[in-house]
Amino acid sequence: MFIASMSMLGNPLQADTLVPFTSDGCSAFPDGTFAQQQLWLSCCERHDYDYWKGGTSDERLASDKALRICVAQVGQSEVALLMLAGVRVGGTPYLPTQFRWGYGWPYPRDYGALTDDERQQVELLSAQNQ
């Protein structure tokens, strides 16, 4: 009920406007080890891109699993599992955090496939970021 009430409070004039992509690295988690301080940072940045644009709950799960695989591939399988648990709990779109699923869109925003207009905004802002 709280979530339903919050979704009615959103500004309909801004509901479809995506802000430019930003990444805070691994959010509330280290970007690497003490010896290699940015060891899995690129994994987090790719994950942030997915979270920025948002989408369906299946897309979020696929992104979270890709993060786990990426971090495991740099030799940190235990860290990868810890990160997976953290993003599954902390990345919900229902909390007004700066790292939630779909954080590029105004809060609140639920899971859902991007519309054609929204995909165009993602493509335009992605091209500007390169």
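Me: Where is Pro 108 found?
Reply: This is a predicted model: local features need pLDDT of at least 70, side-chain atom pairs count only at pLDDT 80 or more, and totals for chains, interfaces and linings use all residues. Numbering starts from 1 along each chain as its sequence is written, and side-chain values use heavy atoms, with hydrogens and water left out. Helices are DSSP runs (H or I, at least four residues), numbered from the N terminus. Pro 108 sits in the loop between α4 and α5.

Me: Is the peptide bond from Tyr 107 to Pro 108 cis or trans?
Reply: Most peptide bonds are trans. From Tyr 107 to Pro 108, omega is near 0 degrees. This bond is cis.

Me: How do α3 and α4 run relative to each other?
Reply: Helix α3 (residues 57-73) packs on helix α4 (residues 77-90) at about 160 degrees. Angles run from 0 to 180 degrees between N-to-C directions. Over 145 counts as roughly antiparallel. Therefore α3 and α4 are roughly antiparallel.

Me: Which residues of α5 meet α2?
Reply: Helix α2 (residues 41-53) packs on helix α5 (residues 116-129) at about 145 degrees. Contact means heavy atoms within 4.5 Å. From α2 come Tyr 49, Trp 52 and Lys 53. They meet Val 122, Leu 125 and Ser 126.

Me: What is the relative accessible area of Ser 27?
Reply: Ser 27 lies in the loop between α1 (2-8) and α2. Its phi is positive, near 50 degrees. Buried means under 20% relative accessible area, exposed over 50%, and partly exposed in between (1.4 Å probe, protein chains only). Ser 27 is partly exposed, at 30%.

Methods
Helices (H or I, at least four residues) and strands (E, at least two) are DSSP runs, numbered from the N terminus. Angles under 35 degrees count as roughly parallel, over 145 as roughly antiparallel, 65 to 115 as roughly perpendicular and the rest as oblique.
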